[in-house]
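Let's take a look around this protein model.

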Amino acid sequence: MSEFTFLEFFCGGGMARAGLGPGWRCLFANDFDAKKGAAYARNWGAEALKIGDVGAVESTEIPGRADLAWASFPCQDLSLAGPGAGLSGERSGAFWPFWRMMRKLRREKRAPRLVVLENVCGALTSHGGADFRALGAALASGGYRFGALTIDAAAFVPQSRPRLFIVAVDASLHPPARILAEGASDNWHSPALRLAKEGLDEAARQAWLWFRLPEPAFRNASLVDLIEAAPPDAPWSGEAETARLIDLMSPSHRQKISAARASGRRLVGALYRRTRYGRDGERIQRAEVRFDGLAGCLRTPAGGSSRQSLVVVEGDSVRSRLLSAREAARLMGLPDSYALPARYNDAYHLVGDGVVAPVVRHIAEHILEPILRA
């Protein structure tokens with residue numbers, strides 16, 4: 001039987017739910033995207049799911065008082081790869097109708113005991129820190145104490161994916177002393193986070209908590225351990241296409257290919273095509289590769305970047321192809337039993353917009369659950 005209850009806003013395919021695990025029961029889930037909602041229903045059932053604008057959700061649709069509200073609100077307007085409209089943007093601005101719902105639940109004496117907001121780290125600095133100040137002011141005035149963590153998923157899965165997690169605690173609760181610290185830690189509180197905290201208004205600074213989080217177990221999986229031999233949705237490219245990718249590389253990245261060939265080992269690298277600027281300001285398409293055992297941050301095309309590719313070097317042989325949908329799901333910490341949409345684009349978009357499940361589990365185990373059990 002589940003011990004805790006939660007609401008999952010901007011739920012996507014339910015990756016926060018996957019991370020929370022069987023000890024948590026979902027009371028309500030919401031997402032605007034019908035395709036993501038179909039994936040959610042296929043994996044978790046549709047009983048608690050409502051597809052539609054978060055602003056159209058009525059408090060009467062949310063049963064009881066949940067222990068947690070999780071909101072991975074859209075990051076496109078906050079991401080460094082996006083247009084930078086911040087919380088006033090069309091997509092990231094969806095935070096405000098969500099927060100109006102939280103305030104309504106507060107008036108009904110049903111406010112979630114905990115709230116977690118997840119977004120890109122650009123939320124700390126967008127609009128000169130004004131967006132983070134607005135989030136902090138909303139939480140403090142809404143009856144919560146809160147803190148934040150910057151976590152790179154590379155500590156858990158072979159994907160470099162830094163994200164911001166804001167954890168808010170109902171002011172009536174008393175977190176155990178063991179999960180709180182006197183100040184910031186190098187592992188979980190980036191310099192940008194520390195600076196953003198200092199920029200909060202007085203009420204938000206008074207409501208601030210420094211959370212203590214243990215180091216995760218050593219990650220023993222590398223990118224090479226997650227790739228498929230011949231995925232049907234991502235066939236290997238021909239020699240000409242691979243040669244074209246190498247031609248797009250700068251000398252330093254071509255040197256990485258040469259070094260991989262010279263190593264005599266089978267090496268798997270991750271590759272993005274990006275737009276860079278030359279000395280005269282001209283736009284130049286470049287291919288950039290890494291062989292450090294990590295994939296780059298999964299992104300959707302709407303986020304301002306291309307899909308990620310793989311490069312496999314064995315002696316003089318160099319092969320390339322797109323990352324498959326299942327490989328992308330594995331990089332998000334999802335099990336192979338997780339059902340993906342049949343269309344490649346839908347599956348890649350679903351996982352690229354999600355939260356890494358093992359990161360959610362780490363936060364739940366070491367912060368959320370201890371608070372609720374206190």
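## A tucked-away pair

Glu-118 is buried, with a relative accessible area of 5% (buried means under 20%, exposed over 50%, partly exposed in between, with a 1.4 Å probe and protein chains only). This is a predicted model, where local features need pLDDT of at least 70 and side-chain atom pairs count only at pLDDT 80 or more, while totals for chains, interfaces and linings use all residues. Residues are numbered from 1 along each chain as its sequence is written, and side-chain values use heavy atoms, leaving out hydrogens and water.

So who is the partner of Glu-118 in a salt bridge? Arg-163 is, with the closest N and O atoms 3.8 Å apart (a salt bridge is a side-chain nitrogen of Lys or Arg within 4 Å of a carboxyl oxygen of Asp or Glu). Arg-163 sits in strand β7 and Glu-118 in strand β5 (residues 114-119), so to speak two distant parts of the chain, 45 residues apart. Arg-163 counts as buried too, at 11% relative accessibility.

Side chains of opposite charge can pair when their charged atoms come close. The whole structure holds 22 salt bridges. One of them joins Lys-36 and Asp-353, whose closest N and O atoms are 2.8 Å apart. Lys-36 belongs to helix α2 (residues 34-44) and Asp-353 to the loop between α11 (344-352) and α12 (357-373), so this pair ties together parts 317 residues apart in sequence. Lys-36 is buried at 10%, while Asp-353 is partly exposed at 26%.

Asp-170 and Arg-106 also meet in a salt bridge, at 2.7 Å from N to O. Here strand β7 (residues 162-170) is linked with helix α3 (residues 95-107), and the two residues are 64 apart. Asp-170 is buried at 5% relative accessibility, and Arg-106 is partly exposed at 28%.

## Out on a loop

Is Asp-316 buried or exposed? At 70% relative accessibility, Asp-316 counts as exposed. Its place is the loop between β12 (309-314) and β13 (317-322).

## The whole chain

Stepping back, the chain has 12 helices and 13 strands (DSSP runs, numbered from the N terminus: helices are H or I with at least four residues, strands are E with at least two). Its C-alpha atoms fill a box of roughly 65 × 45 × 40 Å along the principal axes. Of the 374 residues, 54% count as buried.
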